[in-house]
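Here are some quick notes from my pass through this one. Have it open in your viewer while you read.

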Amino acid sequence: MNCPHDELKIASEAEMLALGRDFAAQILADHDNPHTVFELIGDVGAGKTTFTRGLAEGLKVEEPVTSPSFTISKRYAFPSPRNGQTAQLIHYDFYRLDDPGIMRDELAEALAEPNSIIVVEWGGDVADLLPADKTRLEISLQEDGSRLVKIIKTANTSKPAKTAEAANPSNLVDASQPKEQK
């Protein structure tokens, strides 16, 4: 992966899992970076949770990783290579929420946790909370059943992400509008 911008064709579930494990290896090798955020974009069934399962495998998460579609968020502990403490893989899925409400606050708190890897699916309504320094994966299903994954790694060249307290409620998406792909 030669980020900041790569495009990969993923032909199988095994390849999507391997992509997640590859990112985990990079995270574990980077002892100076205390924190990583992934924004996953793609339709239902595109492979977002499969990627997250691979990421968790690579981070040595011991429990099974499942989609947080109905629970909104799930936390998984893994041993941090940086300081020997327990770290957290925190997986969010905002698909079923017309208004993220209190989950905005939880995400803001998670983003401030130093020993955390954050994965956000369907994060359009909380995009203002996400840091400028993140990895965005845009996953699209192809006609042949494969996935095209665009990897966009951004650097923190601007202002830091807003906290939930600083986020202006007037910037929230109008819940009466139809939900679009985020």
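1. On β2, which residues lie on one side and which on the other, and are they buried or exposed? One side carries Thr-36, Phe-38 and Leu-40, the other Val-37, Glu-39 and Ile-41, and all of them are buried. Bear in mind that this is a predicted model.

2. With six of its six residues buried (under 20% relative accessible area), β2 is largely enclosed by the rest of the structure.

3. Now for the neighbours of β2. It pairs with β5 in the parallel sense over five bridges, and with β6, also parallel, over four bridges.

4. Next, helix α2, which takes in residues 48–59, 12 residues in total. From first C-alpha to last it reaches 17 Å, close to the 16 Å expected at 1.5 Å a residue.

5. α2 is mostly covered too, with 10 of its 12 residues buried. Among the buried ones are Lys-48, Phe-51, Gly-54, Leu-55 and Leu-59. The cover over the buried residues includes helix α1 (13–29) and β2 (36–41), plus β3 (73–79), β4 (86–93), β5 (116–121) and β6 (135–141). So β2, β5 and β6 from point 3 turn up again here, as part of what covers α2.

How values were computed. Residues are numbered from 1 along each chain as its sequence is written. This is a predicted model: local features need pLDDT of at least 70, side-chain atom pairs count only at pLDDT 80 or more; totals for chains, interfaces and linings use all residues. Side-chain values use heavy atoms; hydrogens and water are left out. Helices (H or I, at least four residues) and strands (E, at least two) are DSSP runs, numbered from the N terminus. The expected span of a helix is 1.5 Å times one less than its number of residues. Buried means under 20% relative accessible area, exposed over 50%, partly exposed in between (1.4 Å probe, protein chains only). Contact means heavy atoms within 4.5 Å. Two strands pair if DSSP finds at least two bridges between them.
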